[in-house]
Structures are given as C-alpha cells and as structure tokens.
Amino acid sequence: MFFFDFNNSTSATNAITQSLVSDSFVHTAELDSIRTLLGKETEKQGLRSSDLAELTGWSPSKTSKLTAGRQRLTAEDIRTWSRALGYTPDPFIDGKADIRYYNLGGYIRKPSDALEAYFCVLDGEPEHVAIAQYELPLSILAMLGVKISDYAVRANASGFTIDPVTRRGFGNTATYIRFWQRTTTDNENMTPEFGLWLSPENDYFLFAVYLNRKSEDGAMPQLRAAYKDTLQVEDKYTDEFDKFAEMHRDWVPGFLRQGEIVSIGSDTNMLPQPGDFENTLIDLFRKYCALVWEVKGIDLLPGKYRQREEISSFRQLDILNGYADFYPEVKEKILQREKYLCENNPAHSTFVDALGRPYMEVVPIVPFEEGMQFGTNIFEQENGVCLCPMCRAQMKYGSLNDREDMIFKLFRKHQKALQEKGIEISLTQVLAANGLA
Ligand SMILES: [Zn+2]
C-alpha cells in the first residue's frame, strides 16, 4: 500500500537529483531569484518566519536574515528551505520552471530505494549526506501522504573524519532523521516524535515513536509506561528495545532511550523488502498519530488512513452500467455551494428550470467508474462540480485542449478538498480517468 504512488508518477526516477548532491547550481543560478521563488512559495503555503525556523531548525535570526536577503544563501540552505516546503531545489533553481507542474516523484526515489542506495555509498560522499538529509525525509513524508510543510525535520548524516593532526578518526555518529508535526510543540516541553536511526557502522537501523522531553525531572519513566499502556505496546518489545539501547549507548540518544514508546530495530543484513519498509513506516506513523492524540489531543491522522466505506454491490452495478449518480441531497449541497454558477466560468448563462432556479448540472471530477477504490467518498460533495449545460457537454465532447484546460482548472480548485476527503489523486491520473491520457 503506497500512499504516494511513485510508480505511477510521470517521471519516476532511479537516481537522486543532482541538486541534492552537487553545489554547482549556486555558481550558475541567480541566488536572488532563488530566494524570491522560495519566499513566494513560503508565503503561498501560509508559513510565517517562526514556522520556517521550526521546519528547518534554523535560528530565528538566521531565518530572518536568509528570507530578507541579508545573508547569502548556501547550497545547503537552499536544500533545507526547499525540503521544508516539500520540494527539491530544482523548481527554484530553474527560474523558468512552472512550480505547478513540479512532481516530487520525478526527483526522489521511494523510501526503500533511497535506503538501499544509502547503504551503497560511503560515509562522507555527497550522496550519503544528500540521501540522509534531504531525499529520505522528503520521500518518507511524501509516502505517508502528509503535507510536507506541516512536519519539522531534523536530519544528519553520519560522519567520520580523520583528524589531520592526530591521524585518528572522530565524529563517528549515527545518521538520524527525526520528524514532528509543527503544531504539536508547546510549552509543555514534551513533543511526540518519530524517527529513523542508522548506526555509525551501518549495521543497524531503528525506527521509533517516542516522547522528546527537554526538561529532566525524573517523570519520564512513568510517562513512558503510561503511554505504552494506552497504545497497548507489549512488554516484550519494550524489553527488547531497552536491551538494544543499552548495547548501543554510543549512538542511541538519551531522549530516545528514555522516551521510546514503540520501536522496530533490525540488523541491516536483514533489510525489509521494498514495500515492507513502507508498511512499517505507515504502521509507526499511525502509532505516532495515536500518541499525539493521547498527549496533545490533536488529531493528525489523514483522512485516507481512516476506514473507507465500501461501495455497496448495488451501487457498483449502477456504476458499471453507467447509471450511478450523486444522491439528490448531495447535488443540492453542491449547487448551493456554488450558488448555481458555472464553475468553468461564472458568467455563463443558462435557462430557468421548473422550480425557478438556474439549471445547472452536477458532474464528478473523478468519474465514478474510475474512482471506486476511494469507496463511497466519490459520491460526496467534494467530488462534484457545478457546470452549465454547455460546459457539461464540452467536458465530454469538446476538443482535447478545451477538455484538458477545463479539467485542469476544476481539479486545481478542488484538489485540496478531494485530498482531505481521502481522494488522493494526481492531475495526470484525473486527466487519464477522464479519458485524456
Ligand atoms: Zn459554463
């Protein structure tokens, strides 16, 4: 089960994008233009300076200097800023790129592929850092199907450096990638987080959901036990983790040893199969959401993770026969939502029906026969648009260009509502579903 379908994306990639590996773009691109584009996107996503600071881990002063152009952006800054917004640097480097057509799946690999690649490159190689700090975080959040700019990321690639004076190695640390939803931090000083650790020797990896508590007041063991109880974590897993953490004190950080709630560790000789890795992440993410609900009373679980109601067999038959339609009360809601105006162009006129109202048609954006996997949600108002009879006919029988333009416009308008209803679909898929592949 993939929530972000890398395979169906139009330009799925086998390699990491150069903008994450090589700094050369800062020499050739216009830094001012990059900053302007990043700033625009930040604003578009409704992020304040303090939000950006939390997402990136930058200090407030660094954040304001960078956004105001009072400090020169480095390649790493650009990557971090782009990642916070849910992008690789690519659409910001290329001033001519249209960000609306940006497709993250074309620039990063799915989590299991990125993890496998991580183990194939050496510490200190640019790709080692790029995968740990940028590709995996983006890939994991995209796969979980969350809004990337809702999640703060702290990531660091393991490093091993030879001191030129002593000729001894130092700085051997684990690679880690930690996440938390940015609205879940508050004055209580205790934040549920989820994360991934890769041992310095690359022989272990560990996923965990845990409580990160900044103040040390001795309450942690009780809190940990209480939340483990609520989330019904079996004792044997806790014991396993505690033994594991004790053996690896050198790289398993204290806040994780104290605050671990659920974890899965493994020897890298037994890496999970592609797909299993993603499913493990999804399981842990559900646990994370449950923990946030318990600790903070905030419901983070995206709509698509909830049980969807299956379409009844009668209705399925209607769909297959082409008789399926929105229920009258849903149609009414859609018409009132749009105030009986054509969504393709509100200036379009129509005739007055027997009830004395402007006659409008209600049309699904994702055709019923193509959207059965979304369950009964495709019959909800989020999937319906209000069109004048002329546009209704044009959507079906118009020229390819006109139909494409119309569907593009309608989809963009409703994409967010569809997503929130659990109808997770890309523009390419919507066009294809409407016979425009
Ligand atoms: Zn119209």
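Of the 437 residues in this chain, buried residues make up 37%, where a residue counts as buried with 20 or more other C-beta atoms within 10 Å of its own, as exposed with 12 or fewer, and as partly exposed in between, C-beta atoms being placed from the backbone. The model is a predicted one: local features need pLDDT of at least 70, side-chain atom pairs count only at pLDDT 80 or more, and totals for chains, interfaces and linings use all residues. Residues are numbered from 1 along each chain as its sequence is written.

I begin with the overall dimensions. The C-alpha trace spans about 90 × 55 × 40 Å along its principal axes. The chain has 18 helices and nine strands, defined as DSSP runs numbered from the N terminus, with helices being H or I of at least four residues and strands E of at least two. Of the contacts between residues at least 6 apart in sequence, 68% join residues at least 24 apart; a contact requires C-beta atoms, placed from the backbone, within 7 Å.

I turn now to helix packing. Helix H8, residues 111-120, packs on helix H9, residues 126-144, at an angle of about 165°, with axes 9 Å apart. Axes here are lines fitted to C-alpha atoms, for helices over the stretch in contact, and angles run from 0 to 180 degrees between N-to-C directions. H8 and H9 are therefore roughly antiparallel, the term for angles over 145 degrees, while those under 35 count as roughly parallel, 65 to 115 as roughly perpendicular and the rest as oblique. On the H8 side, the contact residues are Pro111, Ala114, Leu115, Ala117 and Tyr118; on the H9 side, they include Ile131, Leu136 and Met143.

Helix H3, residues 31-44, and helix H6, residues 75-85, pack at about 25°, with their axes 10 Å apart. H3 is therefore roughly parallel to H6. Ile34, Leu38, Glu41 and Thr42 of H3 meet Ile78, Trp81, Ser82 and Leu85 of H6.

Finally, where does Ile298 lie? Ile298 is in the loop between helix H13 (276-296) and helix H14 (313-321). Ile298 is partly exposed, because 13 other C-beta atoms lie within 10 Å. Thr184 is 114 residues from Ile298 in sequence, yet their C-alpha atoms are 7.5 Å apart. Leaving aside residues up to four places away in sequence, Ile298 touches Thr183, Thr184, Val292 and Trp293.

Key:
Contact = placed C-beta atoms within 7 Å.
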